[in-house]
Amino acid sequence: MARLTAAALGAGFTLNAVRLNRRLAGMRLLERSADPPLPDFRFVVASGVRLDDETRRAACAFASREGLKVLDLLPGDLPTVELLDFARLVNSRSFRCDRLAFGRSAQHAVVVEAAVLERLGTSLPADRDLTGLSPAELTGLLGQLKKCAPATTGFAVAPGLRSVRRTARERVAARPGDTLVPLPAVLAARLAAGALTVACLATAPAWGAAALAGYALQPTLVRGRRFAPADRCRATWLRPVLGPGDWLRTARAAHALRGPADPHAGLRAEYQAEIARGVERLFEPRRGSCPWCGSSDLRHRVTARDMYQGKPGRFTLEECGDCGHTFQNPRLSLAGLDFYYRDCYDGIGERQMEKVFALQGSAYRDRARLLRPHTAPRTWLDVGAGHGHFCLVAQDVWPQTVFHGLDRGDAVERAEKYGWVHRGHGGDFPDLAASLEAAYDVVSMFHYLEHTLDPRAELEAARGVLKPGGHLVIEVPDPQSSLSRLLGRHWIPWMQPQHVHLMPFANLRQALLDRGFTMVGEQRVTGRPGGDFCGAVVERFRSWTPSPRHPWSRTPPTRTRALAHAAIWTCSVPLIAAAAAADLAIAPFLGALRGGQAYRILARKEG
């Protein structure tokens, strides 16, 4: 067993080094330029960094030649620890073409087009630079700049730029908050790998030494073609000693920079006051008939808790025995919807939702390509656009199309500010439809109808804003999926309490036909790796151990509760991995089994 573990560790260290090296393979080198720095570009420089005139000229020439509006400059002698950290966060081969990638920085210097800074509301005299920024400030600024220039942000190695070694505290403070894996989990994984390596050295010395060699050689293997860290030899030969020391300093820095024990103390008082009044008041009276067909033959489907945020309350979905429509009964009132949506897509939950949306790039492209055989839209309205992620990615598929987004809240306004949508409309769709009559070639509703109180009113509004011959594309969860029966209340697309109506395909199809649409096509969304089974396991653990830091948690966070929460989620990792493997294994058969999470409909409005 020790030999097998050591072999797996050694292979893992080596393969990870190869992976990180490949992520650096897209880095380009600045070339000398005799042209003066362009006045359209500004320079943002971190504290302790010196940016000479030759590098400024070369950077402006490179950005102009490559069509970049934001260019992050990396020193070729970036210290090994920082180079490895950068490779873990950035895939330089795909970063520029990935519109949803989060902004990243090597925390030294940035060249940015002045117009991009102005879009963020930053106005500076033309003869001044942004200098002396801390690494954390520079990282935060890059996150915003990437949103304003999602396809025109890139990296280059600047030969004349000398690195400034950062302390562990500075590196932790500058670590982006939007990383998919939090820092404590990263440190726990490294500690576990180190402990296993030591155990292998004690039980199978030769094999353990081979695993240790794989770990030590990582700095040599991760070098890219443009980097030559001055400490590479030292970092390689002493890594078995230096590595654990760096972990310890990082952990101490993370502990020192830890925020208050209760980061949402003010919100906690507000939430607890609302909860004390009882969540039962947030529901309408239970209805005795189906809201779709009027039948009184209603059957209990599932009763679930808040599946994402863990706010208090229980929510029941009932199914109509005649038409199969599944709906929340009793339904949340407008005040209830406000309570349960709060801090999910904005506020506390905004950063987490950004991570979720950033993983959906392939799904967004699939949705956009659905129109290819049927039309070439000039104008497209995405209803329920949220932060505008779909419209941003769809611009790769339809570069000549003008995308508008519509949603409640101010997220769609930020999407317009960043340029993710060409125009944002804020408000309820049925209320705005009259002002948008016959304005669009395509209207899309992706996972929107199930959130609405009256889906048929939304379909009427879509018909009104479409031009004759225009197309309506809809994607909604499929309540008749075989996996919804198998997984019961843990099936993620129930998404209680936000999903109010879940319509079978036949019902939605007939509703469209009744409104003068012609069916053009349909697709079954058969799920993705990490979909149904993985989601069910995550939902189960989330209900067992809700985050103690949430302000709606019944008891304030304590160190003991935080440790228990972390321990339970650590134990969940093998189960989540097994569930993800099950999703992969069953994916080819979901179509035949009527499985999957959702279905798509493409319909055309007749004249």
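Author: Let me begin with a term for surface position: a residue is called buried if its relative accessible area is under 20%, exposed if that value is over 50%, and partly exposed in between, using a 1.4 Å probe and protein chains only. This is a predicted model, in which local features need pLDDT of at least 70 and side-chain atom pairs count only at pLDDT 80 or more, while totals for chains, interfaces and linings use all residues. Residues are numbered from 1 along each chain as its sequence is written, and side-chain values use heavy atoms, leaving out hydrogens and water.

Reader: Okay, so is L359 buried or exposed?

Author: L359 counts as exposed, because its relative accessibility is 55%. Helices (H or I, at least four residues) and strands (E, at least two) are DSSP runs numbered from the N terminus, and by that numbering L359 lies in the loop between helix 14 (350–358) and helix 15.

Reader: And how far apart in space are L359 and L180?

Author: Their C-alpha atoms are 9.8 Å apart, although L359 and L180 are separated by 179 residues in sequence.

Reader: What about A228, where is that?

Author: A228 is placed in the loop between helix 9 (218–221) and helix 10 (232–237), and A228 is exposed because its relative accessible area is 53%. If contact means heavy atoms within 4.5 Å, then A228 touches G76 and D77, leaving aside residues up to four places away in sequence. By contrast, 45 Å separates the C-alpha atoms of A228 and P548, which are 320 residues apart along the chain.

Reader: Switching to rings, how many aromatic pairs are there?

Author: Rings of Phe, Tyr and Trp (its six-membered ring) are paired if their centres lie within 6.5 Å, and the pair is stacked if the planes are under 30 degrees apart, edge-to-face if over 60, and tilted for the rest. A search of the whole structure gives 17 aromatic pairs. One of them joins Y271 and F339 edge-to-face, with 5.8 Å from centre to centre and 65 degrees between the planes. This pair links distant parts of the chain, since Y271 is in helix 12 (residues 265–276) and F339 is in helix 13 (residues 334–341), 68 residues apart. Y271 counts as buried because its relative accessibility is 1%, and F339 is likewise buried because its relative accessible area is 1%.

Reader: What kind of pair do W380 and F403 make?

Author: W380 and F403 make a tilted pair, at 5.4 Å centre to centre and 35 degrees between the planes. Here too distant parts of the chain are linked, with W380 in strand 9 (residues 379–383) and F403 in strand 10 (residues 402–407), 23 residues apart. Both W380 and F403 are buried.

Reader: Which residues form the aromatic cluster with Y271?

Author: The one cluster holding Y271 also includes F283, F315, F339, Y340 and W552.

Reader: Which ring does the charged end of R239 sit over?

Author: A charge sits over a ring if NZ of Lys or CZ of Arg is within 6 Å of the ring centre and within 35 degrees of the ring normal. The charged end of R239 sits over the ring of Y215, 4.1 Å from its centre, and that of R456 sits over the ring of W292, 4.5 Å from its centre.

Reader: Now charges, how many salt bridges are counted?

Author: Side chains of opposite charge can pair when their charged atoms come close. A salt bridge is a side-chain nitrogen of Lys or Arg within 4 Å of a carboxyl oxygen of Asp or Glu, and by this rule the count is 25.

Reader: Which residues make a salt bridge with E475?

Author: One partner is R367, with N and O 3.1 Å apart. R367 lies in helix 15 (residues 361–369) and E475 in strand 13 (residues 466–477), so this pair ties together parts 108 residues apart in sequence. R600 also meets E475 in a salt bridge, at 2.4 Å from N to O. Since R600 is in strand 16 (residues 598–605) and E475 in strand 13, that pair ties together parts 125 residues apart in sequence.

Reader: Why does E475 count as buried?

Author: E475 is buried because its relative accessible area is 2%, and R600 is buried because its value is 7%.
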